[in-house]
Number of protein chains: 2
Amino acid sequence: MSRRSLLGGTAAAVGAATLTATAAGTASAAASRDVDVAIVGAGLAGLTAARDLVAAGKSVVVLEARDRVGGRVVGLSLANGGITEGGGEFIGPTQDRIKALADSLGVQTFTTYNTGNNLLYKDGKKTPYATDGILGSVPPIDAAGLANAAIVQAKLDDLAKQIPVDAPWTAAKADEWDRQTFETWLRANAVIPSAKFLFDVACTSIFSAEPRELSFLFVLFYIAAAGNAANPGTLERLTETANGAQELRFVGGSQLVPIKLAATLGDRVVLSAPVRTIARSGGRYVVTADGITVNARKVVVALAPPLAARITYDPLLPAARDQLTQRLPMASVGKAIAIYDTPFWRADGFNGQVVSDSGVISSTFDNSPPDASYGALMGFIEADEARKLDAASEAEVRAAVLKDYTTYFGEKAASPSSFVLQRWNNEAYTRGGPVSIAAPGVLTQYGPAVREPVGGIHWAGTETSTYWMGFMDGAVRSGERVAREVLAVL
Amino acid sequence: MSRRSLLGGTAAAVGAATLTATAAGTASAAASRDVDVAIVGAGLAGLTAARDLVAAGKSVVVLEARDRVGGRVVGLSLANGGITEGGGEFIGPTQDRIKALADSLGVQTFTTYNTGNNLLYKDGKKTPYATDGILGSVPPIDAAGLANAAIVQAKLDDLAKQIPVDAPWTAAKADEWDRQTFETWLRANAVIPSAKFLFDVACTSIFSAEPRELSFLFVLFYIAAAGNAANPGTLERLTETANGAQELRFVGGSQLVPIKLAATLGDRVVLSAPVRTIARSGGRYVVTADGITVNARKVVVALAPPLAARITYDPLLPAARDQLTQRLPMASVGKAIAIYDTPFWRADGFNGQVVSDSGVISSTFDNSPPDASYGALMGFIEADEARKLDAASEAEVRAAVLKDYTTYFGEKAASPSSFVLQRWNNEAYTRGGPVSIAAPGVLTQYGPAVREPVGGIHWAGTETSTYWMGFMDGAVRSGERVAREVLAVL
């Protein structure tokens, strides 16, 4: 259904990448291995961990369920020979670790197209607005709403400063914040309807979840994590393009980073090898995947928690860890990218970024390549809207998306030259996205279990990161952290 | 660690039961079978479904992961030769289907010991109180708290009447109720601290979850479901002993019901056969368990949703169903039963039922056998308290529990003749209990997926029941419903 690019196709399309299905190991080519560390998952977290462990002289194998590397980072091949991003794609200031990784691999960045006006679509009316005003890119809502929104935003940033990112559950008011939904808090604080609207859109854009699904403590943690040790996280850094988490993209598409990283690991990466069991045996671990069995001193599981729950562990995981994995569901997200001969909205003075109160797409970006040799309009299908379309055909989703794009950018948007769709909820080895979310009561009771090793099993993945949890940067940080953790006990 | 009774031991202990490990099938004895319906899980739901399908002339196999039947209903063998309940044990008015099942199997009920005073332990003070006053068994708190509690209880019952039990998400105010936690609602309504205390204790007693973990809509549904078509559910029916869900127990222990039911199915029940994959193949299904493969026209999965998620499905489940299973975690519960030569608290005028604001046990029952030939004091370890003890040794748990029992009933409680513990969070094939819970946003977005068949795969288990969800009665109802559902399409 969705035209997700297989590794080979992606590698061919990007030219520079050297890893192909032939170069990478395959399960059938290697029925058993004996290594220092078995790594489950060849997303950015698992691959980064492998890099650091190999650099320290350790032997590793990375077992990947899919027939490609990158996890939630994937390139979609286009009919015109180009490539666009079906998953994580943006990076921004303070995302130092993904930037350093990309630099080391020679993957270059370019600035996300951000020239011209944003577009607010609200109550059936289109209002262009500048992105560089005193208020940043706050949409043109009524004055009372703007004032209310400014206060709420300041309050969120202020409360987020009270969150220790390595242990949000130890915040002085953690219990208070973890017993209510973000929706409950917003209703008490974003009292002007237009202000509430802005935070609702911000929430679905950031989390692909509705405010009612999230613990207020989890939201504050996520804001606090949008920074680094020197720069406390802010809501603005999460939502903005310039100076924010959407500032830069990767030349050649974001999957180039895991593809090139995997290429440095050679046949240590085994594709199409979903792990079924992790069993301790005589002080070591036997990791059994389809087609390959690995015997290892330590294991790194670099999967989102609800997917890690689907592996059978022997001995059983402690209750705290198992119940955590029952309580961090994947949010709901899809990406729809319409390809046009040109990015025609630019000529109309638009930067391609929409904020909308209706339709299946309430947030868009100009996803064209750096040379603008064709136009790409990318929209997120998020939360309730994603769920409504989960069972729809690709044609139905396409029709609904193009209806929205036409509403926002006119008739030209109705006839793209091609259209690609990435439906993460329907992907076997993700089953949602972009990230796990926490309802009230989870972080305060189960938070520590997200990173705490269980015997020789260590946990990675963006969900375990203290900074930029939910982002590519968090994934890389988690890989670096888990490698240090494992090296300390190897 | 925990002394959960294996099937053979239980059967021997109860005498009347005929199913033993020898009589039941074992995986090694039957490597493959071809049947009309493969049923996953030999709890009350799966066994009831099997009964009805067999009665309709269909061939079935019931695959059970454990080495015993009963799921969350289990008998624990005692050193004195007796048996006590480690899981579900009580039934009460309107629980018609479990009662009918027990009657049909000749399993008799007796009245839960309820003579004498309840005991309130609050602020370090013990206050006995009668169970038969105008206020039922409402503990003796301050008048303002009592008045507040009465209003809140009436309001909960009133709102619950607006919930259609077969589709709570269609209630007129479903969205409003599903965007807040029960905690948020209680804080706005149970404004007197002593009233809030009562509802907190009621919440942990009913759900083994804290009010912050639960959607208010889910709580209202659970109340609405505590009845039958002729008798709307009420909070009181959930919490009370006399005329409530704790009114009756089974002579010989509750596991006698699934044991006797399984005996009628003979070697159709296969123990120690955890199901790993369910794959569609040419219009049929191949269900692969450890040691046995079943080829079937239809499949019934009678597991709690988070456990059903750990099976690999081919083709993939729809996103709505998969994401539902990520969002219905098991609550956290243990049961601790101390055995004494006599139920000595009876002589002191107590019925053995405590409501406490502290300790690891905040709710107890007299679990002695009908002839009171020995005394059994049973306490629930729930929610936050259960989680605190998940990693503790059995000796540590025992010490903490006996400290509480001694506080409540005096020094005699400090020296039981034996002590048994059932820690559901640590059980491989339950990983929590007594039931799945729903945080805000789950029922309104995912509710229908709890029962909606996926191709030839049908869902059962107490979580799928419209009445008495979370109870043995709901499990039986779900088995009867799923059998009708499957028969309609076979």
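Helices and strands here are DSSP runs, numbered from the N terminus. With that naming, Ser272(A) sits in the loop between strand E10 (269–271) and strand E11 (275–281) of chain A. The model is predicted. Ser272(A) is not a glycine, yet its phi is positive, about 55 degrees. Its relative accessible area is 40%, so Ser272(A) is partly exposed.

A second residue of chain A has a positive phi. Asn243(A), also a residue other than glycine, has phi near 60 degrees. Its loop runs between helix H9 (235–239) and strand E9 (248–250) of chain A. Asn243(A) has a relative accessible area of 58% and is therefore exposed.

Turn to chain B. There, Thr241(B) lies in the loop between helix H9 (235–239) and strand E9 (248–250) of chain B. Is Thr241(B) buried or exposed? Its relative accessibility is 6%, and the cut-off for burial is under 20%. Thr241(B) therefore counts as buried. Leaving out residues up to four places away in sequence, Thr241(B) touches Thr112(B), Asn114(B), Gln246(B), Glu247(B), Gln353(B) and Phe365(B).

Next come the domains of chain A. The assignment gives domain 1 as 31–71 + 254–317 + 454–488. Domain 2 is 112–137 + 244–250 + 331–429, and domain 3 is 141–239. The centres of domain 1 and domain 3 of chain A, taken over C-alpha atoms, are separated by 32 Å. These two domains of chain A are in contact, through eight residues from domain 1 and 13 residues from domain 3.

Now the helix pairs. Two packed helices are described by the angle between their axes and the distance between the axes. Take helix H4 (residues 143–160) and helix H7 (residues 193–207) of chain A. Their axes come within 7 Å and cross at roughly 45 degrees. H4(A) and H7(A) are therefore oblique to each other. The crossing of H4(A) past H7(A) is right-handed. On the H4(A) side, the residues are Gly145(A), Asn148(A), Ala149(A), Val152(A), Gln153(A) and Leu156(A). They meet Ser194(A), Ala195(A), Leu198(A) and Phe199(A) in H7(A). By class, this contact of H4(A) with H7(A) has six nonpolar, four polar and no charged residues.

Another pair in chain A is helix H3 (residues 96–105) and helix H17 (residues 472–487). Their axes are 7 Å apart, and the packing angle is about 80 degrees. H3(A) and H17(A) are therefore roughly perpendicular to each other. H3(A) brings Asp96(A), Arg97(A), Ile98(A) and Leu101(A) to the contact. H17(A) brings Met472(A), Asp473(A), Val476(A), Arg477(A) and Glu480(A). Which classes make up the contact of H3(A) with H17(A)? The residues divide into four nonpolar, no polar and five charged.

Helix H6 (residues 182–189) of chain B shows burial along a helix. Why is H6(B) largely enclosed by the rest of the structure? Six of its eight residues are buried, so the rest of the structure largely encloses H6(B). The buried residues are Phe182(B), Glu183(B), Thr184(B), Trp185(B), Leu186(B) and Asn189(B).

Gly359(A) lies in the loop between strand E16 (350–356) and strand E17 (361–366) of chain A. Its relative accessible area is 33%, so Gly359(A) is partly exposed. Gly359(A) and Asp404(A) are 45 residues apart in sequence, with 6.0 Å between their C-alpha atoms. Beyond residues up to four places away in sequence, Gly359(A) touches Glu385(A) and Asp404(A).

Glu394(A) belongs to helix H15 (residues 394–409) of chain A. At a relative accessible area of 13%, Glu394(A) is buried. From Glu394(A) to Val420(A), the separation is 26 residues in sequence and 9.3 Å in space, C-alpha to C-alpha.

Last, the cis peptide bonds. In chain A, one joins Asp314(A) and Pro315(A), with omega about 5 degrees. Pro315(A) is in the loop between strand E14 (312–314) and helix H12 (319–325) of chain A. In chain B, a cis peptide bond joins Gly433(B) and Pro434(B), with omega about 0 degrees. Pro434(B) is placed in the loop between strand E19 (418–423) and helix H16 (442–446) of chain B.

Notes:
Residues are numbered from 1 along each chain as its sequence is written. Chains are lettered from A and ligands numbered from 1 in the order in which they are written. This is a predicted model: local features need pLDDT of at least 70, side-chain atom pairs count only at pLDDT 80 or more; totals for chains, interfaces and linings use all residues. Side-chain values use heavy atoms; hydrogens and water are left out. Buried means under 20% relative accessible area, exposed over 50%, partly exposed in between (1.4 Å probe, protein chains only). Helices (H or I, at least four residues) and strands (E, at least two) are DSSP runs, numbered from the N terminus. Axes are lines fitted to C-alpha atoms, for helices over the stretch in contact, and angles run from 0 to 180 degrees between N-to-C directions. Angles under 35 degrees count as roughly parallel, over 145 as roughly antiparallel, 65 to 115 as roughly perpendicular and the rest as oblique. A crossing is left-handed if the near helix is turned anticlockwise from the far one by less than a right angle, and right-handed if clockwise. Contact means heavy atoms within 4.5 Å. Ala, Val, Leu, Ile, Met, Phe, Trp, Tyr, Cys and Pro count as nonpolar, Asp, Glu, Lys and Arg as charged, and the others, Gly among them, as polar. Domain bounds come from an automatic or database domain assignment.
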